[in-house]
Amino acid sequence: MKRVDSVLEAAVQTGVTAGAVALVRHRGEVVYHGAFGQAALGPEPRPMTPETVFDLASLTKPLVGAGVTLVLVDRGVISLDEEVTDHLPELASLQGRGVTFRRLLAHNSGLPGWRPLYVEARDRPGILGAVDRLGQVTPASTRFEYSDIGFMVLGLALERVGAAPVDQLARDLLFDPLGLKNTGYLPQGSPERFAVTEKGNAFERRMAEWAGLHFDDWRTDFHPGEVNDGNTHYGLGGVSAHAGLFADAHDLGVLGEMWRNSGTWEGRRILSEAVVELGTSDQGWGRGLGWQLMNRTPPSLDKLGRADAGFFPPARSPWSPRPSGELLSSRAFGHTGFTGTSIWIDPVLEMVAVLLTNATHPEVDIDKPVNALRARFHNAVAAALSQPA
């Protein structure tokens, strides 16, 4: 794994990220766990350690949004193809429009990708009202639109079905059965435990201002241990199915191992083999249920563009390496997070690869080659693990 050291050391030295923690599991054992660079550059420098806890950002989607949903499917509480408006009648504009659990998980529900809903709502009833006013931007199942809004709705539906907040559902159904000690929402403890993200919410503030929206309560300082995502922090009290989860590399490796091992961990079944197979199979546009699936064909632009592109600044180039790299098997699946996090799981290579970076610290730069770093990391890991013994 010395080649992995070289990839991550170079990323820190060239400023792609302030720091990184990587963990690789192979055939059920941890074969690599390293820390590089700084967990914080300011206000005081602090080195990264293997135990540093990260804001996982959108890794919350497959690990909590999909995980909790599929446990409830296993238990016969819900079915994937029922409409979430059966449980959220407040969403009157979406009733009968095909917004199902499956389509929310696969990002083809027709809901917009992102809006700063906290500009008009600061609690769950208000967020539901804002989504009802938004409605769909396209008919359900007609296109892929990666959607934070969709997973926000998913989480609110899960809370209604499960009669508990998403953080409690995740803890009871997933984290406690797996024995996870450093995974959850609204984490406690010293700020020194955490990798630091951007200063304030400068990136979202720019996006809101470009859209002509006004908001008075922006954070302006670093906030270790507090979710960076605005809709989660300002609108949903730090708990959502699309963002808000914190964990260290060890715990994230355990979560990945459960998925790699068809739903079991140390002899305890968390998810059925059938629901894991379904969740990691193609639901359209190369997506599983919450997961991105490996695609070995060269990446191409979405010719339709984003329905909510007006909220995002243009990148210097539309081209970017796929975060999985090119050497994982066709059965691999994974996800990334805006703060610089990722996990990829490959049943063929019998591998779980965790890469946690604080690439948005001290500020967000959308032109940083973070996906190139992810691709090089996964290629180096796959090449090492595929060598004959």
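Contacts between residues 24 or more positions apart make up 70% of the chain's contacts with a separation of 6 or more, where contact means heavy atoms within 4.5 Å. The model is a predicted one, in which local features need pLDDT of at least 70, side-chain atom pairs count only at pLDDT 80 or more, and totals for chains, interfaces and linings use all residues. Residues are numbered from 1 along each chain as its sequence is written, and side-chain values use heavy atoms, with hydrogens and water left out.

**The chain as a whole**

Eleven helices and eleven strands are found in the chain; helices (H or I, at least four residues) and strands (E, at least two) are DSSP runs, numbered from the N terminus. A compact globule of 389 residues would have a radius of gyration near 21 Å, and the 19 Å of this chain agrees with that. The radius is taken over C-alpha atoms, and the globule rule is 2.2 Å times the number of residues to the power 0.38. Along the principal axes, the C-alpha atoms fill a box of roughly 55 × 45 × 45 Å.

Of the 389 residues, 58% are buried. Buried means under 20% relative accessible area, exposed over 50%, and partly exposed in between (1.4 Å probe, protein chains only).

**Helix α9 and what follows**

Let's turn to α9. This helix covers residues 249-260 and reaches 16 Å from its first C-alpha to its last, close to the 16 Å expected at 1.5 Å a residue; the expected span is 1.5 Å times one less than the number of residues. Eleven of its twelve residues are buried, so α9 is largely enclosed by the rest of the structure. Among the buried residues are Asp251, Glu257, Trp259 and Arg260.

After α9 comes Ser262, in the loop between α9 and β6 (264-265). Ser262 has a positive phi of about 60° although it is not a glycine, and counts as partly exposed at 26% relative accessibility. Ala163, in the loop between α5 and α6 (166-178), also is not a glycine and has a positive phi, of about 55°. Ala163 counts as exposed, at 74% relative accessibility. Most residues other than glycine have a negative phi, and most peptide bonds are trans.

| Residues joined | Omega |
|---|---|
| Gly42 and Pro43 | about 0° |
| His361 and Pro362 | about 5° |

Pro43 is in the loop between β2 (29-40) and β3 (46-47), while Pro362 is in the loop between β11 (351-357) and α11 (370-385).

Thr339 sits in the loop between β9 (333-337) and β10 (341-346) and is buried, with a relative accessible area of 3%. Its C-alpha atom is 6.1 Å from that of Ala57, although Thr339 and Ala57 are 282 residues apart along the chain. Leaving aside neighbours within four places in sequence, the contacts of Thr339 include Asp55, Ala57, Thr197, Asn228 and Thr360.

Arg287 lies in the loop between α10 (273-279) and β8 (292-293) and counts as buried at 8% relative accessibility. Beyond its neighbours within four places in sequence, Arg287 is in contact with residues including His107, Tyr146, Asp282 and His335. Leu213 is 74 residues from Arg287 in sequence and 32 Å from it in space, C-alpha to C-alpha.

Thr138 belongs to the loop between α4 (124-134) and α5 (148-162), and counts as buried at 17% relative accessibility. With neighbours within four places in sequence left aside, Thr138 is in contact with Gly110 and Arg143.
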